[in-house]
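Subject: A structure for you to look at

Hello,

Here is the structure I promised to pass on. Could you open it beside this note and follow along?

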Amino acid sequence: MPTPRTIHDIETPAVIIDVDRADANIVRAQADADKHRLKLRPHIKTHKLPHFAKKQVAAGAVGITCQKIGEAEVMAEAGLSDIFLPYNILGRAKLDRLFALHGQVTLSVTADSLDTIAGLSATFTDTGHRLKVLVECDTGMGRCGVQTSTEALALARQIDGASGLSFGGLMTYPAPGLSRETDAWLIDARDLLKSAGLDCETISSGGTPDIWRAGDTKVATEYRPGTYIYLDRYQVAKGVGTNDDCALTVLSTVVSHPTPTRAILDAGSKALSSDTLGLPDFGELVGIPGALVTGLSEEHGNVTLSGEARLAIGQRVRVLPDHACVVSNLFDMVHLVSGETVVDILPVAARGRVT
């Protein structure tokens with residue numbers, strides 16, 4: 001198959017990344033972090049591409065964040081040298097891989113239980129090359145993390161007392177809109193640890209929905225946004241940007257038009273994802289007001305048309321998805337474009353790295 005030179009040459013469905021928008025989003029976020037003297041450590045879960053991870057570091061990021069060891073291994077092999085893994089690593093096989101990774105890059109991880117710390121301390125015993133471990137705190141998200149400052153102190157002491165570990169600070173993934181509550185929680189924990197002789201070198205927070213409020217923090221030292229590089233319908237709904245800032249779309253073709261108000265795309269749940277993040281629809285067609293993706297089966301997307309919206313069989317459209325991060329993990333490759341010109345085609349290198 002000939003290499004596509006323009007969007008019109010690309011087979012559908014396909015992921016399209018507007019590099020001009022992605023680059024602008026990188027620069028904008030880094031400038032805001034620099035303005036507030038906040039370290040930026042982007043999460044690569046959104047793009048899963050060494051290409052963009054390197055651009056983020058070149059723009060000023062102190063390093064990157066990966067959610068799984070497999071992602072971190074891909075990034076390390078590509079030359080990224082400072083990686084944070086905010087995840088509880090358990091089990092002999094994963095700990096052995098973590099140990100190997102620690103020998104390649106500057107690595108840090110998190111823990112929220114004595115079980116996790118026990119595994120780490122048994123694996124990492126070299127006092128001359130300690131593994132940095134942060135305590136994960138649940139500041140309102142209701143996911144992982146210790147529930148109180150007292151619990152954070154207890155784990156910090158365990159980390160500090162392990163020969164091959166070093167206590168690195170506190171980490172949270174806060175619930176959107178709770179930045180003040182998150183700050184209060186972390187300040188209380190930081191002060192309690194300090195009174196016990198444990199300084200928090202790093203206090204790491206994150207989340208794209210509150211990225212433009214990250215600089216208001218009175219305690220965080222670094223921020224870990226992920227979706228900001230592409231944005232999506234959910235982030236637009238949260239006020240992070242506009243549709244014109246969104247870099248990722250799914251190129252699709254209208255394959256059927258059963259009724260005047262309903263059309264079918266060749267992009268279903270295997271291309272657009274059924275993860276709506278609470279939005280009522282699955283996506284919208286770019287530049288066609290009133291055209292919403294209202295239903296998905298595996299290989300078909302149902303588009304409901306209202307107002308002046310019109311489509312034709314064979315027409316190629318671009319869908320702005322609700323959640324860009326999941327879409328990245330559904331495709332083996334992405335097409336980078338500037339305008340309508342294809343500037344590169346990249347494998348999604350960390351795709352499917354679920355372990």
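Below is what I found in it, grouped by topic.

First, the ground rules. This is a predicted model, in which local features need pLDDT of at least 70 and side-chain atom pairs count only at pLDDT 80 or more, while totals for chains, interfaces and linings use all residues. Residues are numbered from 1 along each chain as its sequence is written, and side-chain values use heavy atoms, with hydrogens and water left out.

**The cores**

A nonpolar core here is a set of buried Ala, Val, Leu, Ile, Met, Phe, Trp, Tyr and Cys residues joined through side-chain atoms within 4.5 Å. Buried means under 20% relative accessible area, exposed over 50%, and partly exposed in between, with a 1.4 Å probe and protein chains only. The largest nonpolar core has 46 residues, and Leu98, Val135 and Leu170 have the most contacts inside it. Apart from that core lies another, of 36 residues, which includes Leu265, Val317, Leu336 and Val348. If you zoom in on Leu98, you will find that it touches Ile69, Leu85, Ile89, Leu107, Val109, Leu120, Phe124 and Leu131, not counting residues up to four places away in sequence; contact means heavy atoms within 4.5 Å.

Helices (H or I, at least four residues) and strands (E, at least two) are DSSP runs, numbered from the N terminus. Arginine 41 sits in the loop between β2 and α2. Is this arginine 41 buried or exposed? Arginine 41 counts as buried, at 8% relative accessibility. Its side chain makes a polar contact of 3.2 Å with the side chain of glutamate 222, a polar contact being a pair of N or O atoms within 3.5 Å; within protein, one must be able to donate a hydrogen and the other to accept it, and residues adjacent in sequence count only if both atoms are side-chain atoms. A polar atom of the arginine 41 side chain also lies 3.4 Å from the backbone oxygen of isoleucine 64.

Phenylalanine 84 belongs to strand β4 (residues 82-85) and is buried, with a relative accessible area of 1%. Leaving aside neighbours within four places in sequence, its contacts include Arg41, Ile64, Val109, Leu134, Met171 and Glu222.

**Backbone details**

The peptide bond from threonine 12 to proline 13 is cis, with omega near 0 degrees, and proline 13 falls in the segment before β1 (14-18).

**A helix pair**

The axes of α6 (residues 149-161) and α7 (residues 179-195) come within 9 Å and cross at roughly 45 degrees. That makes α6 oblique to α7: angles under 35 degrees count as roughly parallel, over 145 as roughly antiparallel, 65 to 115 as roughly perpendicular and the rest as oblique. Axes are lines fitted to C-alpha atoms, for helices over the stretch in contact, and angles run from 0 to 180 degrees between N-to-C directions. Ser149, Thr150, Ala152, Leu153 and Ala156 of α6 meet Trp185, Asp188, Ala189, Leu192 and Leu193 of α7.

Best wishes
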